[in-house]
Every structure is written in C-alpha cells, then in structure tokens.
Amino acid sequence: MAMLAIKDLEVYYGAIRAIKGISFEVEAGEVIALIGANGAGKTTTLHTITGLVPASHGSIQFLGEELTKIPAHKIVTLGIAHVPEGRRIFSELTVYENLLMGAYTRKSRKEREEGIAYVYERFPRLMEREKQIAGTLSGGEQQMLAMGRALMSHPKIMLLDEPSMGLSPILVSEIFTIIKEISAAGTTVLLVEQNARKALSIADRGYVLETGNIVLTGTADELRQNESVRKAYLGE
C-alpha cells in the first residue's frame, strides 16, 4: 500500500475546475517531484492534501486513512507536515519560538527538546540564530526555519511548496542538499517546484501537472530525458 494515494481528485474554486481528476501515489521513503508551470495546480494539490482546500471529488488516502473527511488541524497529527510557499514563518517571534510552534503536536517537554536538538543538528545556522527575530533572517535562513519548524512535528511525510523561490543559486543548492538529507533520514518528501532541473536531480519519480491534469509521469531520469520536459521545463 502506498503511503499517500490520490485518486480521481477534483477541486473547484467556484465554477473553475482547478484540479481535473488527477491520480498519483507516493511510496514510503520516496522523494516525489510535482512539476509544472504557474497555475498548473501544484499548490492547490498540496493544500487539498492538508485540508486547507476541500476536495470536490475523489479520494486522498494517507496510510490507508481517508483525509478528505478529516479537518486540517487533525491532519498534521497523522504525520503530514506542510512547508508552504513563501515560508509563512512567524516573523515577530524568535527562531526558537518558531520551532516550538511547530511542536504543538508533541506531548512532552522531552519530545520537544529532542525535536529542537534534531533541527539544530540538521540546521546549525538556526542554532546560531536561536534568539534572533525570525523576520530579520535572510531568505535562505527563513526557508531553513520553515523546514525546521515542519520537522518539529516528526512527520512521516513532508510536503514542500517551492522551497527554492527567491533564493540565490548557492542557497538553492544548499536547500536541496538538506532535502536529500531529510529524505535519507527517513522522511518521505512530496516536492512542488518550478525549478524542474533541481527537483528532478534529487527525486526518485515525478509527475508533470498542466492546467489541473497530470500529463506525464516517470522516474526522474525518464522525465529528464523526455523531449517535451526538456523543452518546457529544463530550457533545452
């Protein structure tokens, strides 16, 4: 059984059919890339998985449990963490306080302390800036904080929405190295990313989304070698 299974998913915004009956699966331990142009429906797909946008039709199953019937605030307790586009950190709180906000599902102080230690091991820069106001961090540091905050819930799967947005090429490479490390440590990753080259460089498999439809699927290597993908998304 797949960890995450989406079947015949449709999403409407009023009369607009934004997602048009897509189906895909994510196996435990995989890094899956969901690539496509602006407006393709990538962010809507993530928001529907996490309950922020209601599904109009279809099924979203996580470890066999139907998510379309569960409110958003309970979905995170099942082991799904969402790092939204634009980071959405609490800019007036410190780095440490932001991380604690990600740990509200952890019951004990010991669990929270272990989570902080794990995040600081993964992101040493956050430990250096523990008492700094989050809004004063650089873009790359804010992205690290958003990812660290998500890790505080000890997720089984992390949904990442455009983690490279607005970052310099050096920081993009650093963030993608960290995503690989998070995956290697046992967290499954569903990655939405316009930088298709970077996304496919770390993914196991990928899906290409165009105007609410999945039009291509394959291993990362297959998609990198696909002529239409190379022309549309790799600039070749």
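Residues are numbered from 1 along each chain as its sequence is written, and side-chain values use heavy atoms, with hydrogens and water left out. Because the model is predicted, local features need pLDDT of at least 70 and side-chain atom pairs count only at pLDDT 80 or more, whereas totals for chains, interfaces and linings use all residues.

An open sheet of 4 strands is arranged in the order β2-β1-β4-β5 with antiparallel pairing; strands (E, at least two residues) and helices (H or I, at least four) are DSSP runs numbered from the N terminus, and two strands pair if DSSP finds at least two bridges between them. Strand β1 (residues 4–13) pairs with strand β4 (residues 57–62) in the antiparallel sense over 5 bridges, and histidine 57 in β4 is the bridge partner of glutamate 10. Helix α1 (residues 42–49) packs on this sheet and touches β1, β2 and β4, contact being defined as heavy atoms within 4.5 Å. The direction of α1 makes about 110 degrees with that of β1 (axes are lines fitted to C-alpha atoms, for helices over the stretch in contact, with angles from 0 to 180 degrees between N-to-C directions).

Of the 8 residues of α1, 6 are buried, so the helix is largely enclosed by the rest of the structure; buried means under 20% relative accessible area, exposed over 50% and partly exposed in between (1.4 Å probe, protein chains only). The buried residues are Lys42, Thr44, Thr45, Leu46, Thr48 and Ile49. Lysine 42 has a relative accessible area of 4%. Beyond its neighbours within four places in sequence, lysine 42 contacts Leu34, Ile35, Gly36, Ala37, Glu162, Val192, Gln194 and Leu209. Glycine 51, which follows α1, has a positive phi near 85 degrees.

Antiparallel pairing also joins strand β9 (residues 205–210) to strand β10 (residues 213–219), over 6 bridges. Glutamate 210 has asparagine 213 in β10 as its bridge partner. The hairpin has 2 residues between the strands, and threonine 211 adopts a positive phi near 40 degrees.

Alanine 28, in the loop between β2 and β3 (31–35), is exposed, with a relative accessible area of 56%. Not counting residues up to four places away in sequence, alanine 28 touches Met3 and Thr188.

Pockets were identified on a 1 Å grid over the protein atoms alone, as open sets of points where a 1.4 Å probe fits, with protein on both sides within 12 Å along at least five of seven lines; lining residues have an atom within 4 Å of a point. The largest pocket holds about 560 Å³ of space, a volume being the space filled by probe spheres set on the points. Its lining comprises 21 residues, with Val76, His82, Pro84, Tyr104 and Arg149 nearest the centre. At least two lining residues come from each of α2 (72–75), β6 (80–83) and α6 (139–151), and β6 gives the most, with 4 residues. The lining divides into 13 nonpolar, 6 polar and 2 charged residues (Ala, Val, Leu, Ile, Met, Phe, Trp, Tyr, Cys and Pro count as nonpolar, Asp, Glu, Lys and Arg as charged, and the others, Gly among them, as polar). The second largest pocket contains about 180 Å³. Helix α4 (residues 109–122) supplies the largest share of its lining, 3 residues.
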